[in-house]
Amino acid sequence: MDQRNPFESPNTFKLHRAEYLVGFVLSIVLIIVHFGEIRWIPFVALFAYIDLIGYIPGAIAFRRSADGRIPKTYYVLYNTMHSLITQTVVIGLWLWLVGPEWALLAIPFHVLGDRGLFGNFLKPFGLPFEPATDPFYPRLAARLSARAQGVGGLVPGPGAADESDALVQEAGR
């Protein structure tokens with residue numbers, strides 16, 4: 001994955017999740033170390049509000065939809081509430097208005113856990129709200145895997161043309 005190819009192979013996806021998993025584990029360690037100092041009602045509220053606003057409305061709409069199509073608003077709500085940018089702003093406002101406290105660990109615990117444990121990243125408009133394998137992806141992943149084998153231990157260079165180009169063109173339709 002890079003800025004010109006914003007997709008991930010199965011291996012880079014696992015590595016991406018592992019990075020968030022490290023942060024998730026760190027949040028667990030801090031929760032355990034400061035267990036007695038955490039105000040639990042704010043912790044639960046900070047943990048829950050992310051999904052109460054960002055996930056549950058979209059999940060309900062998705063399940064009620066006959067064809068799985070729902071308004072983009074639900075995607076925007078999910079992505080906004082599960083954004084590290086948004087949650088950093090929330091933490092900053094909390095620090096300013098309420099003050100520092102260990103209950104704020106609920107936010108990284110939630111977001112990093114979603115990404116590291118479950119592989120839930122931001123939702124693109126082009127995919128269903130709930131995870132479902134796009135018919136194109138297994139073919140693309142298989143082609144990337146075949147190309148990764150390379151020749152003589154070398155990976156393909158820039159502009160390497162092969163059947164994956166046809167797959168990319170097909171996806172762009």
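User: Why is arginine 39 called partly exposed?

Analyst: In this predicted model, arginine 39 has a relative accessible area of 43%. Buried means under 20% relative accessible area and exposed over 50%, with partly exposed in between (1.4 Å probe, protein chains only). The value for arginine 39 is therefore in the partly exposed class. The model is predicted, and local features need pLDDT of at least 70, side-chain atom pairs pLDDT 80 or more, whereas totals for chains, interfaces and linings use all residues. Residues are numbered from 1 along each chain as its sequence is written, and side-chain values use heavy atoms, with hydrogens and water left out.

User: What makes the pair of glutamate 101 and arginine 39 a salt bridge?

Analyst: A salt bridge requires a side-chain nitrogen of Lys or Arg within 4 Å of a carboxyl oxygen of Asp or Glu. The N to O distance between arginine 39 and glutamate 101 is 2.8 Å, so the pair meets that definition. Glutamate 101 is in the loop between helix H5 (84–97) and helix H6 (106–118), and arginine 39 is in the loop between helix H1 (10–33) and helix H2 (40–54), 62 residues apart. Helices here are DSSP runs (H or I, at least four residues), numbered from the N terminus.

User: Why is glutamate 101 called buried?

Analyst: Its relative accessibility is 18%, so glutamate 101 falls under the limit for buried residues.

User: How many salt bridges does the whole structure hold, and which parts does the pair of arginine 63 and glutamate 130 tie together?

Analyst: A search finds two. The side chains of arginine 63 and glutamate 130 meet at 3.0 Å, N to O. Arginine 63 lies in helix H3 (residues 56–64) and glutamate 130 in the loop between H6 and H7, so this bridge ties together parts 67 residues apart in sequence. Arginine 63, at 57% relative accessibility, counts as exposed, whereas glutamate 130, at 13%, is buried.

User: How do you know that arginine 115 has no salt bridge?

Analyst: Lys and Arg count as positive and Asp and Glu as negative, while His and the chain ends are not counted. For arginine 115, which is buried, the nearest side chain of opposite charge is aspartate 114, 7.2 Å away. Arginine 115, in helix H6, has a polar contact of 3.5 Å with the side chain of tyrosine 20. A polar contact is a pair of N or O atoms within 3.5 Å; within protein, one must be able to donate a hydrogen and the other to accept it, and residues adjacent in sequence count only if both atoms are side-chain atoms.

Methods: Helix = DSSP H or I, 4+ residues; strand = E, 2+ residues; numbered from the N terminus.
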